[in-house]
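Reader: I would like to learn how to read the features of a model such as this one, taking the general idea of each before the case at hand. Could we go through it together, step by step?

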Amino acid sequence: MCEINSHGGNVVVKKILELCLKNGATLAEPGEFTKRAFLNGRIDLLQAESVIDVINAKSEKEAKTGIKQLEGFLSQKINEIKKEIMDVMVNIEVTIDYPEYDTPDVTKKELSDMLDSVEEKLEKLEKSFDNGKIIKEGIKTVIIGRPNAGKSSLLNAILKEDRAIVTQYEGTTRDTIEEFVTVNGIPLKLIDTAGIRDAKDEVEKIGIEKSKELVKEADLIIAIFDSSEDLTKEDLEILDLIKNKKTIIILNKSDLKQKIDEKNEKLTKVSSDIIKISALNKTGIEKIYDKITELFNLNEINLDQDIVITNLRHKNLISKAIESVKKAKETMEQDMPLDIIAIFIKDILEDLGNITGEIVTEDIINEIFSKFCLGK
């Protein structure tokens, strides 16, 4: 390895790089260092993918999950499951290939116990993806309300900065504003939307339609209402829009004379999670964090003890392996020959091998490493 230190700015560095390339050096491809470590057997594919997770981590918990996978905790779990299958599979193969030899037959109970145990462990990993998705992607949270209910003020209060423009004029926010904030180590993707009303301005109309679409896609809705005024036609439209969604209702402007409260039946029909705040005075904001923690069980995510799946590719392969387990069990119940059952057991091993990269195709390897920065 040769390391070059130079004086000067970009021009000098560029000249040195050109000389290196002229004399036979090549530029590193995306993820090349990690890719070489994988191809040379220093790490498996699962660990290689965790490198990019650590680099792109938006929160402490996401970084911690990536580091645990880089250290091989998930790989170790996958290999334990594979060994459990192989301990039975070896005897199955011997029985199929060498029936003339006096080898112990694999009993139906032995096979059934193994498949039950493998299914239980794989389902636990699959379920961990719900938490893993939250850790990696954050909670997509849409703030919705009619104009001047206090959406932008709430966003600014949560971010502790004047990110959104706040005025007394309706329709100030015409497009979405997106920001990340961390709650209990989990990224919260906050989206401030255009106020819901019967707008005449064409640009504002587009913003309002976009707001309604975002409500459908959101993991969490923060619906904000002006508690110093009676519910309006627009408020009722919002309540209809957010029914059957995970919602926190915010009664803003608690510093003014109140006209609606937490017991309002039109609100409680939609959500029992109702919080009074003053976005102007920044009071009650912590209650929102506490409620989000409660709704998504954030305190129950224990990264010190639990293995969490954060990668969709891994989750899909685990789900595929579970399907193979179910097919193997169904085949057993139908009293099919051992060699037919063995086909589905081999499929389980293949799916798990695809996770760690033992039998992965070159196209998948190239696709994974194309997401890396140069080098790395």
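Reader: Which helix gives the most to the lining of the second largest cavity?

Author: Before the answer, a word on the source: this is a predicted model, in which local features need pLDDT of at least 70 and side-chain atom pairs count only at pLDDT 80 or more, while totals for chains, interfaces and linings use all residues. Residues are numbered from 1 along each chain as its sequence is written, and side-chain values use heavy atoms, with hydrogens and water left out.
On a 1 Å grid over the protein atoms alone, a cavity is a set of points where a 1.4 Å probe fits but cannot get out, a pocket is an open set with protein on both sides within 12 Å along at least five of seven lines, and lining residues have an atom within 4 Å of a point. Helices (H or I, at least four residues) and strands (E, at least two) are DSSP runs numbered from the N terminus. In this case helix H4 (residues 60-70) gives the most, with 4 residues, and the lining consists of Asp53, Glu62, Thr65, Gly66, Gln69, Lys136 and Thr310.

Reader: How much space lies in the second largest cavity, and how many nonpolar, polar and charged residues does its lining have?

Author: A volume is the space filled by probe spheres set on the grid points, which are joined across faces, edges and corners; for the second largest cavity it is about 40 Å³, and the structure holds 2 cavities of 30 Å³ or more. For the classes, Ala, Val, Leu, Ile, Met, Phe, Trp, Tyr, Cys and Pro count as nonpolar, Asp, Glu, Lys and Arg as charged, and the others, Gly among them, as polar. On that basis the lining of the second largest cavity has no nonpolar, 4 polar and 3 charged residues.

Reader: What lines the largest pocket, by class, and which residues are the closest to its centre?

Author: The largest pocket holds about 600 Å³ of space, and of the 15 residues that line it, Cys2, Leu17, Ala25, Thr26 and Phe33 are the closest to its centre. Its lining has 11 nonpolar, 1 polar and 3 charged residues. Helix H1 (10-22) and helix H2 (32-39) each supply at least two residues of that lining, and the largest share, 4 residues, comes from H1.

Reader: How should the length of a helix be read, and what distance separates the end C-alpha atoms of H13?

Author: The expected span of a helix is 1.5 Å times one less than its number of residues. The 19 residues of helix H13 (residues 338-356) should span 27 Å, and its end C-alpha atoms are 27 Å apart, which agrees. H1, with 13 residues, reaches 18 Å from its first C-alpha to its last, close to the 18 Å expected. The buried residues of H13 include Ile341, Ile345, Leu349 and Leu352.

Reader: Where is Leu46 placed, and which residues does it touch?

Author: Leu46 belongs to helix H3 (residues 45-55) and is buried, with a relative accessible area of 0%. Contact means heavy atoms within 4.5 Å, and, not counting residues up to four places away in sequence, Leu46 touches Gln69, Leu74, Ser75, His314, Ile355 and Thr356. Leu46 and Asn354 are 308 residues apart in sequence, yet their C-alpha atoms are 9.3 Å apart in space.

Note on methods. Buried < 20%, exposed > 50% of the residue type's maximum accessible area, 1.4 Å probe, protein only.
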